[in-house]
Amino acid sequence: MANKTISSIAKDLNISRARVYQIIDMLDDNEKPSKDSNDRYLIDDSVVNSIRKYYANSNTKAKQEKASPIDDKVLDIMRRQLDEKDRQIEKLTQLLDQQQQLNLSTNRQNEKLLDTTTNNTPSQEDSPLQNDHTDVSEPTEGNYKGVENKTPKKGLFGWLRR
């Protein structure tokens, strides 16, 4: 009957030494190991078997608890939330589609406006002036005293300034 150490049992079961001590504390009094004069556990084969059994049972219970079905109330709440999120996503998708259609329509209207303003036959107002001096007019009969006559430039975006 060879005595084993806490470390060797922990290594065999692939658990920590602290967990081995916890299991020993959980064992029934008749299964607990005795201690020597230095307050160390004297662990024989029967105690090792008790520790293994307890550890195997505790692992099985833990696995069963983890695999237990989710409470029906929680599941219902989650389903309702998921349905609500689906409705929100659908509504946002519709709004996004509407926004894209509106943007496309606006872009088409802008292109039409630009085409109509650039494709019109130039009228007398739209044609560039021969001497286009909008900032300072040359002295003529009407403005020889230094009075500035500014004539507005007509162009591609002249319709915006009306």
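**Group meeting: a walk through the chain**

Hi everyone, let's start with burial: of the 162 residues in the chain, 13% are buried, where buried means under 20% relative accessible area, exposed means over 50%, and partly exposed is in between, using a 1.4 Å probe and protein chains only. Please keep in mind that this is a predicted model, in which local features need pLDDT of at least 70 and side-chain atom pairs count only at pLDDT 80 or more, while totals for chains, interfaces and linings use all residues. Residues are numbered from 1 along each chain as its sequence is written, and side-chain values use heavy atoms, with hydrogens and water left out.

Now the overall layout. There are four helices and two strands in the chain, and along the sequence they follow the pattern α-α-β-β-α-α. These are DSSP runs numbered from the N terminus, with helices being H or I of at least four residues and strands being E of at least two. Among contacts with a separation of 6 or more, 46% come from residues 24 or more positions apart; contact here means heavy atoms within 4.5 Å.

How do H1 and H2 meet? The axes of H1 (residues 6-13) and H2 come within 8 Å, crossing at roughly 100°. Axes are lines fitted to C-alpha atoms, for helices over the stretch in contact, with angles running from 0 to 180 degrees between N-to-C directions. The two helices are therefore roughly perpendicular, a label for 65 to 115 degrees; under 35 is roughly parallel, over 145 roughly antiparallel, and the rest oblique. H1 brings Ile6, Ser7, Ile9 and Ala10 to the contact, and H2 brings Arg17, Val20, Tyr21 and Ile24.

In the loop between H1 and H2 we find Asn14. Its phi is near 60°, a positive value in a residue other than glycine, and Asn14 is exposed, at 70% relative accessible area.

Next, the aromatics: which rings pair up? One aromatic pair turns up in a search of the whole structure. Its members are Tyr21 and Tyr41, with ring centres 6.1 Å apart and planes at 45°, so the pair is tilted. For Phe, Tyr and Trp (its six-membered ring), pairing needs centres within 6.5 Å; planes under 30 degrees apart are stacked, over 60 edge-to-face, and the rest tilted. Tyr21 belongs to helix H2 (residues 17-26) and Tyr41 to strand S2 (residues 41-42), so the pair ties together parts 20 residues apart in sequence. Tyr21 is partly exposed, at 36% relative accessibility.

Finally, a buried serine: Ser50, in helix H3 (residues 45-67), has 14% relative accessibility and counts as buried. Leaving out residues up to four places away in sequence, Ser50 touches Leu27 and Glu31. Thanks, everyone!
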